[in-house]
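Q: I'm new to reading protein models. Could you walk me through a few features, one at a time?

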Amino acid sequence: MDDKSPTRFSLHNTGTLAVSAAIVILLPLPVAFITGQSLMVTLALMASTFIIEYGAAPVGIFGGLDRIFVLFVLSCIALGVTLLLFCLCGALEERWPRVARFLEKSRSRAQSSPFLAKYGIVGLVPLVIVLGFYVCAPAACILGWRRDHATALIMAGYIIASIVTILLTHGATMVFLPVA
């Protein structure tokens, strides 16, 4: 390893952290302010999204936030966390030889399966719906799938789950809290 590697590593991680923080925090809050959404409910939605992912949609909707804005906040946090997890996987692989060897073995096994090599990445869509975005990025790293394709599929599945949750929550509010 050359002497410049630790600096490049730190700058790369700093950049990824900055982009992730901007997506997670700096996008939803100004948009909430500009669109007149409650900042406190937005913060509650953001915090609950880290814990219960797309299941946090009712927090925003029952808090009086617009459904499109709720989808926007949920998507921002999912994208930011997914990018951060990909960065962490890359950093672990780069710095720890045991992790690099494990990933190399698991990727070669995944590539040796024709079905998994060709169609396995599509499984990220139902995986994010069932297990959430915290599992999908590490799974994509372990199996050696392209990060850009994996991110797109993770976000597609997450947005589908979020829309369904938002629509179900909105329907429940119409049934249980009818407008007089």
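A: Let's begin with helices: here a helix is a DSSP run of H or I with at least four residues, and helices are numbered from the N terminus. Keep in mind that this is a predicted model. As a case, L168 sits in helix α10.

Q: Is L168 buried or exposed, and why?
A: The general idea is a cut-off: buried means under 20% relative accessible area, and exposed means over 50%. L168 has 61% relative accessibility, so it counts as exposed.

Q: Which residues make the nonpolar surface patch?
A: A patch is built from residues with over 30% relative accessible area and no salt bridge. In this structure, F50, I51, I52, I129, V130, L131, Y134, V135, I160, V164 and L168 make a nonpolar patch of about 1000 Å².

Q: Which helices each supply at least two residues of that patch?
A: They are α3 (39-52), α8 (124-131), α9 (133-143) and α10 (147-176).

Q: What about charge: which residues gather in a patch of positive charge on the surface?
A: Lys and Arg count as positive. Here R98, R101, K105 and R109 come together in such a patch. One of them, R98, belongs to helix α6, residues 97-112. R98 is exposed because its relative accessible area is 67%.

Q: And S20, is it buried or exposed?
A: S20, in helix α1 (residues 5-26), counts as buried because its relative accessibility is 5%.

Q: What does the side chain of S20 reach?
A: A polar contact is a pair of N or O atoms within 3.5 Å. The S20 side chain reaches the backbone oxygen of G80 at 3.3 Å.

How values were computed: Residues are numbered from 1 along each chain as its sequence is written. This is a predicted model: local features need pLDDT of at least 70, side-chain atom pairs count only at pLDDT 80 or more; totals for chains, interfaces and linings use all residues. Side-chain values use heavy atoms; hydrogens and water are left out. Patches are made of residues with over 30% relative accessible area and no salt bridge: like charges are joined within 9 Å, nonpolar side chains (Val, Leu, Ile, Met, Phe, Trp, Tyr) within 5 Å. Accessible areas come from the Shrake-Rupley method with a 1.4 Å probe; for residues, only the protein chains shown count as cover. A salt bridge is a side-chain nitrogen of Lys or Arg within 4 Å of a carboxyl oxygen of Asp or Glu. Buried means under 20% relative accessible area, exposed over 50%, partly exposed in between (1.4 Å probe, protein chains only). The place of a charge is taken as NZ of Lys, CZ of Arg, CG of Asp or CD of Glu. A polar contact is a pair of N or O atoms within 3.5 Å; within protein, one must be able to donate a hydrogen and the other to accept it, and residues adjacent in sequence count only if both atoms are side-chain atoms.
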